Amino acid sequence: MAPHTLPWICVALLVLLASTSSVGARGTRAPKTVNPTDGFTAVSLGESNFELQRPYNEASGSRYSFDGTVRKLWVLSSDKPHDRQSHTSPRTEIRMEGYDYSSGVWQFEGYGYVPSGTSGVSIMQVFGGGETATTLMLHVYNGVLHYYDRQLVEDNIYDRWFKLNVVHDVDGSMLTVFIDGEEKLHVSGRGGDSHYFKFGVYAQNHDSSFMESRWKDIRILKKD
């Protein structure tokens with residue numbers, strides 16, 4: 001090899017190494033996160049805005065606790081509905097009261113926690129649809145968060161706190177779900193004239209015998 005070719009070989013190797021390093025860095029780059037609440041204003045919430053729905057024959061303390069920070073909601077698959085006249089599945093949910101909406105862009109924010117073993121359950125919903133009761137539900141099946149019983153929203157949901165933001169653009173008929181600041185779902189709405197937010201546990205198909213979710217730092221926001 002001619003001596004004058006060595007510098008060019010060294011330069012080529014350096015360029016190759018830099019390119020490989022750049023690709024590796026891109027491959028391991030952290031997911032892009034955003035603040036979904038930018039441009040929104042939080043509404044005022046008091047305890048009267050947190051309406052508990054539980055099996056009609058159970059006292060609130062037997063299916064719900066609140067220590068001032070964490071709201072813990074649980075239900076059994078053998079429990080009664082929340083109302084004597086209802087034929088729906090067992091639930092212990094908080095219905096956000098006082099902020100029903102029919103237009104604009106609204107957002108639910110909260111930190112959720114689902115203990116391992118809880119499955120076949122809705123943990124959050126946007127109530128009100130055209131031909132269906134809801135326009136969005138988030139179900140947990142075997143540690144995976146789903147949009148209804150369909151596409152995956154977030155894997156490995158068990159035994160950890162996660163930040164959930166659900167944005168509902170009523171006029172645009174779109175819903176966007178963020179987990180820990182990362183967009184995970186963007187779907188069309190399902191119509192409906194009036195909506196509100198709910199969270200907790202509401203038994204679905206293939207439900208576990210015991211279902212629980214925990215929540216803290218709940219906020220409702222409206223786009224400015």
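This is a predicted model: local features need pLDDT of at least 70, side-chain atom pairs count only at pLDDT 80 or more; totals for chains, interfaces and linings use all residues.
Tyr101, Trp106, Phe108, Phe162, Phe197, Phe199 and Trp215 are linked into a cluster by ring pairs.

**Aromatic rings**

- The count of aromatic pairs comes to 10.
- One of these pairs is formed by Tyr101 and Trp106, and it is stacked, with 5.3 Å from centre to centre and 15 degrees between the planes.
- Tyr101 and Trp106 are both buried.
- Tyr147 and Tyr148 form an edge-to-face pair, because their planes stand at 80 degrees and a pair counts as edge-to-face when its planes are over 60 degrees apart. The centres of these two rings are 4.9 Å apart.
- Tyr147 has a relative accessible area of 6% and Tyr148 one of 8%. Buried means under 20%, so Tyr147 is buried, and so is Tyr148.

**A charge over two rings**

- Arg71 places its charged end over the ring of Phe50, at 3.8 Å from the ring centre.
- The charged end of Arg71 also sits over the ring of Phe66, with a distance of 3.8 Å to the centre of that ring.

- Strands of a sheet pair through backbone hydrogen bonds, in either a parallel or an antiparallel manner.
- Strand β5 (residues 91-96) and strand β14 (residues 196-203) run antiparallel and are joined by 5 bridges.
- Opposite Arg95 stands Lys198, a residue of β14.

- Thr134 counts as buried because its relative accessibility is 5%, and the cut-off for buried is under 20%.
- Beyond its neighbours within four places in sequence, Thr134 is in contact with Gln125, Val126, Phe127, Gly128, Gly129, Tyr148 and Arg190.
- The side chains of Thr134 and Tyr148 are joined by a polar contact of 2.8 Å. Tyr148 is also a member of the edge-to-face pair with Tyr147.
- Thr134 and His195 are 61 residues apart along the chain, and their C-alpha atoms are separated by 8.3 Å.

Notes
Residues are numbered from 1 along each chain as its sequence is written. Side-chain values use heavy atoms; hydrogens and water are left out. Buried means under 20% relative accessible area, exposed over 50%, partly exposed in between (1.4 Å probe, protein chains only). Contact means heavy atoms within 4.5 Å. A polar contact is a pair of N or O atoms within 3.5 Å; within protein, one must be able to donate a hydrogen and the other to accept it, and residues adjacent in sequence count only if both atoms are side-chain atoms. Two strands pair if DSSP finds at least two bridges between them. Helices (H or I, at least four residues) and strands (E, at least two) are DSSP runs, numbered from the N terminus. Rings of Phe, Tyr and Trp (its six-membered ring) pair if their centres lie within 6.5 Å; planes under 30 degrees apart count as stacked, over 60 as edge-to-face and the rest as tilted. A charge sits over a ring if NZ of Lys or CZ of Arg is within 6 Å of the ring centre and within 35 degrees of the ring normal.
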